[in-house]
Amino acid sequence: LKSDPDQSVRVAAAIGLLRLCALPPIGVAIASLRISPENASRRLSAFFRAYALKHPGEALTFVRHARDPLLITLLLNGLSLAGNHDVLPLLIDLTGHADLDVRAEAFRSLSRLGHPVAREAVSKGLKDDAWPVRAQAAMCAGRIGLAELAEEVAPLLGDPAWWVRYRAADALLKLGEKGREILIAASAEKTRTGRIAQLILLEKSAG
């Protein structure tokens with residue numbers, strides 16, 4: 001964990017030590033992993049999920065005081081994959097974080113937990129300046145089933161970013177009769193709004 005030059009080996013060591021109840025304090029372990037954007041692998045996600053399952057309280061306390069955006073996203077990912085609903089208030093708060101990756105991960109994690117308490121945060125996220133955040137907020141609305149937000153998701157069918165349009169269309173299809181009505185009406189337009197609505201309707205009917 002401390003000295004191997006290969007990060008995948010260090011992560012494997014951390015997971016092994018965690019299972020043996022011999023992991024150093026989490027701050028020390030994270031420092032030893034030497035995490036950077038270039039090595040933020042799925043294996044790291046596995047470690048943080050395992051840590052959140054074994055030490056939920058410590059993981060939650062640590063992320064509350066974390067400052068590095070990458071570390072925050074990894075910890076949020078781990079806590080939500082572990083199904084820890086105690087993180088919900090923090091996730092909602094972090095949907096307004098200054099870093100767009102943290103905001104996007106907050107919505108991604110809220111989607112996994114699927115709790116309707118996220119409604120107000122999702123409503124704000126649909127209007128975020130960053131398109132990755134709008135996309136995640138739209139996905140969140142659909143996965144949680146926030147049917148009351150269908151009218152707010154609808155404008156994103158014409159968003160400049162293709163992924164936002166796609167996620168919005170997919171979400172509307174999951175938002176009950178109102179969402180489907182909006183999507184069918186939009187599909188009649190000869191615009192990018194109409195094209196994305198047609199695409200989703202065709203995809204889902206084919207599936």
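Residues are called buried when their relative accessible area is under 20%, exposed when it is over 50%, and partly exposed in between, using a 1.4 Å probe and protein chains only. The model is predicted, with local features requiring pLDDT of at least 70 and side-chain atom pairs pLDDT 80 or more, whereas totals for chains, interfaces and linings use all residues. Numbering starts from 1 along each chain as its sequence is written, and side-chain values use heavy atoms, with hydrogens and water left out.

View 1. Helices are DSSP runs of H or I with at least four residues, numbered from the N terminus. Helix H12 spans residues 176-186, and its buried residues are Gly-179, Ile-182, Leu-183 and Ala-186. These residues lie on the same side of H12 because they cover an arc of only 95° around the axis, the arc being that of the directions from the helix axis to the C-beta atoms.

**View 2. Gly-179 within helix H12.** Gly-179 belongs to helix H12 and is buried, its relative accessible area being 0%. Leaving out residues up to four places away in sequence, Gly-179 touches Ala-150 and Leu-172; contact means heavy atoms within 4.5 Å. Ser-111 is 68 residues from Gly-179 in sequence, and their C-alpha atoms are 18 Å apart.

**View 3. Asp-170 in helix H11.** Helix H11 (residues 162-174) contains Asp-170, which counts as buried at 10% relative accessibility. Neighbours within four places in sequence aside, Asp-170 is in contact with Ile-200 and Lys-204.

Conventions. Helices (H or I, at least four residues) and strands (E, at least two) are DSSP runs, numbered from the N terminus.
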